[in-house]
Amino acid sequence: MSTWKPLSGTQAVAEAMRQINPDVVVAYPITPQTPIVEFFAQYVANGIVDTETIPVESEHSAMSATVGAAAAGARAMCATASQGLALMWEVVAAVPGLRLPIVMPVVNRALSAPINIHCDHSDTMGATTIGWIQIFSENGQEVYENMLLAIRLAEHPDVLLPAMVMQDGFITGHGVENVEIFDNDKVRAFVGTRNPDRYLLDVEHPYTIGPLALPDYYFEIKRQQEEAMKHVKKIYLEIGKELSKITGKEYPYFESYKLDDADAVIVVLSSTAGTAKDTVDKMRAEGKKVGLLKPKLFRPFPYKEVRAALKDVPVIGVLDRSMAFGAYAPVYAEIKNALFELDKKPKLQSYVFGLGGKDIFKSDIEKAFNELLSGEVNSEEERYIGLRG
Amino acid sequence: MATLQEIMSKPAGLAPGHRMCAGCGIGSIVRAILAASEKPVIIANATGCLEVVTTIYPYSAWKVPWVHVTFENAAAVASGIETAYRSLRKRGKIDKDVNILAFGGDGGTYDIGFQALSGALERGHNFMYVVYDNEGYMNTGNQRSAATPYGANTTTVPAGSKSFGKPQWRKNIVEIAAAHRIPYTAQAANHNIIDLYNKAKKGFEADGPAFLAVLQPCTTNWRFDPAATMSYSKLAVETNFWPLYEVENGKVHVNYKPKNRKPIEEFLKGQGRFKHLFKAENKHIIEKMQMMIDEEWERLLKLEESGIVL
């Protein structure tokens with residue numbers, strides 16, 4: 001039986017981890033993810049799970065110990081945010097090459113300097129090119145379900161890649177909503193246990209992991225990583241279908257909201273998509289045909305499917321919660337890339353909003369929609385929402 | 001008590017065919033330590049000489065499970081392996097007994113891996129950390145580390161008309177490890193394989209973390225005749241430059257006391273990294289080095305004699 005619980009986004013992740021009951025969980029406090037590992041530690045302290053935990057001395061060691069445990073054969077997890085992800089980046093970058101299917105919740109938060117602590121996507125947008133699967137979540141419900149999906153996806157024998165599951169820091173992370181937690185037995189049967197075909201603790205079959213590969217092999221190994229990444233899209237849908245049997249939900253690469261006949265569409269990740277849906281409803285009621293596309297699977301990026309979904313939209317605004325200084329903002333760049341193949345291209349506008357936790361309101365999104373509808377757009381110009389003059 | 005022949009006749013976890021420099025002694029350190037384990041061993045290796053020469057893909061010299069991730073995280077990786085071991089045993093997924101071992105060079109231990117090492121020792125993971133100490137970043141061509149001795153000429157702190165080389169004494173990594181109140185720490189040297197073997201055995205059998213520092217004279221960057229590796233290891237001990245001692249449950253025990261301590265010049269001469277110290281204007285550097293060595297030795301003897309628990 002499923003139960004509804006009032007949970008913050010970080011609690012929702014801890015609930016997913018309770019049901020996954022990993023062999024090893026590694027914890028370092030880097031707020032706003034800290035409650036994830038605190039809630040989980042309490043489950044351990046109360047005997048609700050029998051996971052072994054390691055309270056490490058740094059985020060670098062958090063990912064290192066997780067890698068050690070995963071290489072040893074365990075289902076191992078840790079969680080992070082912003083500066084923590086930045087510090088562990090060296091090890092994070094090594095994980096895909098080691099082909100260890102580690103799932104890490106990331107609670108998105110701005111990067112220093114200035115030191116900030118509030119939400120934006122600068123942390124994970126700095127880690128889009130190194131071979132992790134990335135899934136963004138709108139709210140507590142989505143992040144809970146994405147965690148379950150990610151475990152199976154990462155560990156699939158045709159994938160064996162690590163996955164980050166994102167939620168917006170503070171907004172989702174600390175905001176409490178009702179979350180439906182699905183039946184323990186059904187979820188546990190779905191997530192199963194990790195069964196690696198080779199691991200360090202299999203001492204009768206010793207193997208070397210993490211060797212030195214020089215120019216004669218390095219490129220070939222990296223090319224295999226890309227091949228694994230190519231499998232992700234198909235398996236993501238397959239595992240999503242299986243998860244649907246428990247949750248009754250669908251797990252597409254992105255959510256399309258009132259998109260089909262839209263005159264203007266906004267593309268935005270995570271919690272802001274909720275605000276944008278409300279705006280769409282309000283404007284639709286006023287007779288304005290606007291819609292939304294919310295990417296969920298961000299790595300690998302579903303270019304073909306996004307192109308098909310947006311091909312008939314006259315004008316698209318892409319809202320980024322991070323900047324790529326000196327280049328197009330990260331989500332905007334992907335949408336622009338996706339549309340290149342079209343003969344008749346939609347008009348495009350890039351907007352950057354919400355850096356360092358700056359609030360965005362329905363009125364801001366409505367203003368952007370009206371700007372798009374007016375056709376006053378410039379695909380070469382980055383515009384800013386909520387920036388003081 | 002095992003003989004040298006018995007130790008070296010045990011099946012080797014490290015196969016021949018690795019690509020260590022001619023005259024390098026890291027292989028004999030690894031073999032002696034692996035021979036001391038009664039159980040299968042799993043190794044976490046920091047980036048460094050041992051890692052690069054044993055695993056040039058698609059080859060591996062390791063016949064035991066082995067993992068390398070980065071330069072500074074061998075102790076953290078080992079703590080993950082040890083925790084996975086406890087978890088999978090508890091859950092009935094494995095039933096074998098194993099020993100978990102981490103190897104790092106002095107750069108990966110004294111310097112960049114210091115925090116991860118301290119964290120793993122403080123948390124009390126049941127594993128042994130071994131630093132093969134060649135007194136600098138030798139894999140990358142003789143850069144200064146916290147283990148580099150006073151007066152040594154390195155590429156990052158070279159000797160020159162205004163410099164005699166490294167102006168600091170080396171960090172006392174063994175006492176720092178012991179300060180974590182772990183059950184076993186020891187200092188060993190490459191030439192005394194039986195002493196090294198016995199210390200590794202105690203380390204493996206300790207109930208908690210163990211730390212072992214082993215001197216590894218580097219023919220390539222200390223710049224001496226490749227045939228002289230073991231002689232330099234022995235001279236380091238005979239001059240009291242590198243005393244053989246252990247700290248067992250906090251108590252210091254000096255394993256070898258030279259009857260006639262040799263002057264430090266005996267160790268320095270023939271090494272390219274100390275050649276400049278034999279110029280007349282640097283005589284005082286050697287004198288100061290001798291004074292520091294004698295003071296450290298006296299201090300160590302007093303620690304042993306006092307029976308104070310470190």
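Author: Here are the labels, each set against its definition.

This is a predicted model, in which local features need pLDDT of at least 70, side-chain atom pairs count only at pLDDT 80 or more, and totals for chains, interfaces and linings use all residues. Residues are numbered from 1 along each chain as its sequence is written, while chains are lettered from A and ligands numbered from 1 in the order in which they are written.

Reader: What pLDDT does chain B average, and what ipTM does the complex get?

Author: pLDDT is the predictor's confidence in each residue, from 0 to 100. Chain B averages 97, and 100% of its residues score at least 70. For the complex, the predictor gives an ipTM of 0.97 and a pTM of 0.98.

Reader: How many residues of chain A are in contact with chain B?

Author: Two residues are in contact if their C-beta atoms, placed from the backbone, lie within 7 Å. By that rule, 37 residues of chain A are in contact with 41 residues of chain B. Ten residues on the chain A side come from H3(A), the largest share. By class, that side has 23 nonpolar, nine polar and five charged residues. Here Ala, Val, Leu, Ile, Met, Phe, Trp, Tyr, Cys and Pro count as nonpolar, Asp, Glu, Lys and Arg as charged, and the others, Gly among them, as polar.

Reader: What makes E9(A) and strand E2 of chain B a pair?

Author: Strands (E, at least two residues) and helices (H or I, at least four) are DSSP runs, numbered from the N terminus. Two strands pair if DSSP finds at least two bridges between them. Two bridges join E9(A) to E2(B), residues 66-68, and the strands run parallel. In this pairing A:Ile209 stands opposite B:Val67.

Reader: Why is A:Leu160 called partly exposed?

Author: A residue is buried if 20 or more other C-beta atoms lie within 10 Å of its own, exposed if 12 or fewer, and partly exposed in between, with C-beta atoms placed from the backbone. A:Leu160 has 18 such neighbours, so it counts as partly exposed. A:Leu160 lies in the loop between helix H6 (140-155) and strand E7 (163-168) of chain A, and has a positive phi of about 45° although it is not a glycine.

Reader: And why is B:Asn249 partly exposed?

Author: B:Asn249 has 14 other C-beta atoms within 10 Å, so it is partly exposed. B:Asn249 sits in the loop between strand E9 (245-248) and strand E10 (251-254) of chain B. Its phi is positive too, about 45°, although B:Asn249 is not a glycine.
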